[in-house]
Amino acid sequence: MTLISVELIPRDRETLLRDAGDVSRLFPDAQMINIPDLLRFPLRSWEAAALIRPVFPRVVPHIRAIDIAPDAPLPGVNDPDLHEVLVVKGDPPSDLKHRTYPNTSESVIARYRREAPHLTVYAAFDPYRRAPYKEMESIARKKEAGAAGFFTQPIFDMRMLDLCMNWLHGENVFWGISPVIGPKSRSYWETTNHVIFPHDFDPTLDANIAFARQMMDTVAQAGGNTYLMPLRVNLERYLAPLRRA
């Protein structure tokens with residue numbers, strides 16, 4: 001069975017619980033939630049995972065590798081109900097007082113496999129940030145470190161999806177989908193994540209819903225998984241039309 005996750009931002013406890021309840025009500029196709037760890041909010045991803053587990057038992061918190069001190073315990077390892085984590089390298093903090101460490105994703109994945117072998121560890125895949133061969137070399141290192149699967153950056157082009165599905169053939173992948181509504185949203189993805197949109201990309205809600213449905217169907221037919229990242233969009237207007245009939 002293919003899986004569908006929804007990514008929720010942990011702005012605060014009340015908002016996160018409300019959003020998780022809305023996803024459960026509006027989009028029962030979702031079997032899991034994944035939660036990024038964002039330094040601008042006080043609620044850490046693994047704390048958020050424990051908070052919403054009564055609503056969604058299966059929650060995957062993102063872990064920023066560069067935040068973990070070599071002698072510090074790994075986030076989430078003492079939570080007996082946590083079963084999965086996603087290790088990302090992490091962007092440098094804007095607050096210079098926030099200490100970081102020269103960890104790689106691979107080194108932290110390997111730590112999880114040594115110190116918390118009961119956890120399934122996912123890693124990140126990004127087809128936009130660098131040459132494909134470099135990204136595939138990184139994928140090989142993450143697999144060697146112990147990654148059991150991958151969450152991709154959102155993909156906005158069916159031709160790019162086809163390429164990436166060939167590159168990651170045989171892997172356990174959650175393919176990312178995110179709505180891009182209006183020029184500001186498009187500019188964010190172009191400048192921050194170096195996304196190249198197809199020339200006929202349509203930044204309207206209806207077009208994004210149609211693309212999400214097409215991508216979800218394509219991935220499901222291939223036996224893969226998807227996750228939805230409903231940034232800056234009303235959950236009901238975006239998720240409800242994506243429910244399976």
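In what follows, Ala, Val, Leu, Ile, Met, Phe, Trp, Tyr, Cys and Pro count as nonpolar, Asp, Glu, Lys and Arg as charged, and the others, Gly among them, as polar. This is a predicted model, in which local features need pLDDT of at least 70, side-chain atom pairs count only at pLDDT 80 or more, and totals for chains, interfaces and linings use all residues. Residues are numbered from 1 along each chain as its sequence is written, and side-chain values use heavy atoms, without hydrogens and water.

By class, the lining of the largest pocket has 16 nonpolar, 13 polar and 16 charged residues. A pocket here is an open set of points on a 1 Å grid over the protein atoms alone, where a 1.4 Å probe fits, with protein on both sides within 12 Å along at least five of seven lines; lining residues have an atom within 4 Å of a point. The space in the largest pocket is about 1500 Å³, a volume being the space filled by probe spheres set on the points, which are joined across faces, edges and corners. Among its 45 lining residues, Val88, Gly90, Asp91, Gln153 and Asn193 are the closest to the centre.

Is Asn193 buried or exposed? Asn193 is buried, with a relative accessible area of 12%; buried means under 20%, exposed over 50%, and partly exposed in between, with a 1.4 Å probe and protein chains only. Leaving aside residues up to four places away in sequence, Asn193 touches Tyr128, Gln153 and Tyr188, where contact means heavy atoms within 4.5 Å.
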